Amino acid sequence: MVYIAKKADNRNGDVKRITRTKKYKEIENDLRQQLEMNGTFGKQFDDMIDDYMAMYVTKNLLIEDIQKRGTIVTYNNGGGQSGMKKNESVDMFNKTNAQMLKLLAELGLKANATLGGGDIEDEL
């Protein structure tokens, strides 16, 4: 009998939580099925789907940060200066979302309308 060692999962706990959701798995499977239906095959396309899903995780983490801290956050630079500033997660969210849309367009795919969104509470 041959035992194959399972690769250690060293990802952040929040990343693990998001990648284990039903929605994450459904979106990934849907995108891979669309590639197959389009007759698009190759490791480079699999890698692009992996990139898309990594951006999906990032997008959801940014959403959580915005929901937790708001769009305006306080800062204290330790030198006696403090105040309010824009939460950088808002800009990062917008840029990540734009990149996700560009990647889908490059692949000739569409996000499944019934699966889109940032709700990550639907755990398996």
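Mentor: Start with a network of salt bridges, which links Glu28, Arg32, Asp46 and Asp50. Keep in mind that this is a predicted model.

Trainee: OK. How far apart are the closest N and O atoms of Arg32 and Glu28?
Mentor: They are 3.1 Å apart, and the two residues form a salt bridge.

Trainee: Where do Arg32 and Glu28 sit?
Mentor: Both are in helix H2, which covers residues 22-37. They are four residues apart there, so about one helical turn separates them.

Trainee: Is Glu28 buried or exposed?
Mentor: Glu28 is buried, because its relative accessible area is 18% and the cut-off for buried is under 20%. Arg32 has 26% relative accessibility, so it counts as partly exposed.

Trainee: How many salt bridges does the structure hold?
Mentor: Nine. One of them is between Glu64 and Arg17, with the closest N and O atoms 3.0 Å apart.

Trainee: Which helices do Glu64 and Arg17 lie in?
Mentor: Glu64 is in helix H3, while Arg17 is in helix H1, residues 13-19. The pair therefore ties together parts that are 47 residues apart in sequence.

Trainee: And how accessible are those two?
Mentor: Glu64 is partly exposed at 22% relative accessibility. Arg17 is also partly exposed, with a relative accessible area of 25%.

Trainee: What about Arg69, which residue does it form a salt bridge with?
Mentor: Asp65, and the closest N and O atoms are 2.7 Å apart. Arg69 and Asp65 are four residues apart in helix H3, so they are separated by about one helical turn.

Trainee: Is Asp65 buried or exposed?
Mentor: Buried, with a relative accessible area of 19%.

Trainee: How far is Thr58 from Asn97 in space?
Mentor: 9.5 Å, C-alpha to C-alpha, although they are 39 residues apart in sequence.

Trainee: Change of topic: strands. How do E1 and E2 run?
Mentor: They run antiparallel, and five bridges join them. E1 is residues 72-76 and E2 is residues 82-86.

Trainee: Which residue in E2 stands opposite Val73?
Mentor: Lys85.

Trainee: What is between the strands of that hairpin?
Mentor: Five residues. In the hairpin, Gly78 takes a positive phi near 80 degrees.

Trainee: Where do the side chains of a regular strand go?
Mentor: In a regular strand they alternate between the two faces of the sheet.

Trainee: Now the whole thing. What order do the elements run in?
Mentor: From the N terminus, α-α-α-β-β-α. That is four helices and two strands.

Trainee: What share of the protein is buried?
Mentor: Of the 124 residues, 28% are buried. The accessible surface is about 8,700 Å², and 51% of that belongs to carbon and sulfur atoms.

Trainee: And the contacts between residues at least 6 apart in sequence, what share join residues at least 24 apart?
Mentor: 66% of them.

Technical notes. Residues numbered from 1 in each chain as written. Predicted model: local features only at pLDDT ≥ 70, side-chain atom pairs only at ≥ 80, totals over all residues. Heavy atoms only, no water. Buried < 20%, exposed > 50% of the residue type's maximum accessible area, 1.4 Å probe, protein only. Contact = heavy atoms within 4.5 Å. Areas by Shrake-Rupley, 256 points an atom, 1.4 Å probe, with all protein chains shown as cover. Pairing = 2+ DSSP bridges. Salt bridge = Lys/Arg side-chain N within 4 Å of Asp/Glu carboxyl O.
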